[in-house]
Amino acid sequence: MMMFLGVVVLLLMLVFGMPVAFALGISGMVGLYTIGGLPMVEGILRTVSLSTTASYELLTIPMFILMAEFIIVSRIANELFDSAKTWVGRTPAGLAISTALAGAGFGAISGSSTASAATLSATTIPAMLENNYNPRFASGVVAISGPLAMLIPPSIALILYGLIADISIGKLLIAGIVPGILVTCVIILTSVGLVTVFPNLAPPGRAYSMGEKIRSLKVIGPMLILITLVTGCIYLGIATPTESASLGAFGAFCIAVFRRRMTLETFYTALRKAAATSCMIVLIIICAHIFSYYFTLTGVTQALVAMVGDLEVDRWVILMLIIIMYLILGCFMDQIAILFLTVPITLPIILHLGYDPFWFGVVVIITAEIGLVTPPIGLNVFVVSAYSNVKVQDIFIGVSPHVVAHILVIILLAIFPAIVTWLPETVR
């Protein structure tokens with residue numbers, strides 16, 4: 001029982017609101033102490049920081065975060081929404097469709113779901129409310145469009161999964177492209193379906209001339225160049241994910257300068273925010289490794305794999321139970337914490353069952369998207385509420401149809417895993 005004291009300590013600290021990094025580190029040290037005493041704890045603490053942060057791929061994270069901060073400085077998301085609105089604004093749920101497209105576009109050049117949700121909230125909700133959109137419907141679309149940044153490359157969540165799973169980050173980022181497009185289409189179809197059934201949710205928008213539509217495309221050019229610079233270089237094998245992230249950060253900086261948004265103050269703010277976020281993530285990674293040493297030495301993972309192998313049930317049943325577990329955890333825990341706590345345990349089981357690790361990573365990220373908009377935690381819902389002044393409970397109601405649609409997407413990916421796996425298999 002003493003060997004599992006670290007797990008008990010971890011759960012208690014998470015329940016009482018201890019930051020994830022400290023909860024993982026302290027509980028890991030407590031667990032290691034119960035196994036090998038103080039010498040074991042000291043030995044691991046001496047080496048874990050260097051061995052963890054020496055990974056070349058880890059540089060991808062601060063570079064993509066810096067890229068996101070420069071994109072926020074450039075305020076390109078506002079014009080992405082305006083451009084999409086010009087082309088589809090007149091259709092049923094036109095502004096909602098524009099929000100989903102802007103969310104996908106911003107996600108493709110930022111990688112941060114929180115930043116995406118905050119930016120979309122400040123940009124698209126006022127426009128929808130001014131056009132007499134139902135507040136629940138409008139805020140629900142924004143809340144579910146923000147997490148697209150977790151799936152569409154460059155995705156910080158996918159990079160973290162790749163580091164934990166020790167698989168190719170380049171192929172993993174490419175694996176998120178088709179599911180990202182699929183989820184965007186599902187958000188659009190769900191919005192159109194809701195407006196078709198309940199026309200009072202959103203009135204039709206105004207029409208735009210072809211000249212206005214063509215002029216609105218000027219904002220798409222820099223975005224496409226940046227996406228090509230990042231994702232295209234990875235796909236074609238021209239650059240590694242780390243090199244592509246650096247190119248992306250430089251490209252985002254150039255866009256902000258070209259748009260005359262970059263000043264010494266905004267440059268310093270972007271660097272400071274990127275450094276703070278990167279330090280937080282790296283600290284979580286270091287502390288998660290401390291906890292993983294403890295878990296490895298207890299043999300829990302190996303025991304679980306052996307136990308699953310002895311079960312006389314179909315592998316679909318086990319997969320369904322794992323997905324349900326992720327959906328439940330997403331309602332109560334931070335998504336980064338879920339990745340570091342569960343992937344070292346669930347991935348060996350998934351591999352033992354014969355599933356693809358890239359496919360599983362995408363499925364885990366989609367369940368994390370759902371967790372960002374489900375009560376009681378629902379981080380993106382609270383972000384949207386703070387920026388839009390729409391009540392939290394109204395946003396939860398507005399986003400619920402999209403949650404159901406996302407669950408259907410997971411089922412579709414489980415039945416047809418090639419939706420995820422075929423594109424990374426073509427990477428050079």
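This is a predicted model: local features need pLDDT of at least 70, side-chain atom pairs count only at pLDDT 80 or more; totals for chains, interfaces and linings use all residues.
I number residues from 1 along each chain as its sequence is written. Local features need pLDDT of at least 70, side-chain atom pairs count only at pLDDT 80 or more, and totals for chains, interfaces and linings use all residues, while side-chain values use heavy atoms, without hydrogens and water.

**Fold.** I looked up the secondary structure: 21 helices and 0 strands (DSSP runs, H or I of at least four residues for helices, E of at least two for strands, numbered from the N terminus). The radius of gyration is 22 Å, close to the 22 Å from the globule rule for 428 residues, so the chain is as compact as a globular protein of that length (C-alpha atoms; the rule is 2.2 Å times the number of residues to the power 0.38). The C-alpha box is roughly 70 × 50 × 45 Å along the principal axes.

**Contacts.** I took pairs at least 6 apart in sequence; 79% of their contacts join residues at least 24 apart (heavy atoms within 4.5 Å).

**Core.** Buried residues are 54% of the 428 (under 20% relative accessible area, 1.4 Å probe, protein chains only). The largest nonpolar core has 144 residues (buried Ala, Val, Leu, Ile, Met, Phe, Trp, Tyr and Cys joined through side-chain atoms within 4.5 Å). L24, I61, F137, L160, Y161, W359 and F360 touch the most other members. Helix α14, residues 264-298, gives the most to this core, 12 residues.

I then checked Y161. Beyond four places in sequence, Y161 contacts I167, L172, L339, V343, L347, P357, F360 and G361.

Key:
Buried means under 20% relative accessible area, exposed over 50%, partly exposed in between (1.4 Å probe, protein chains only).
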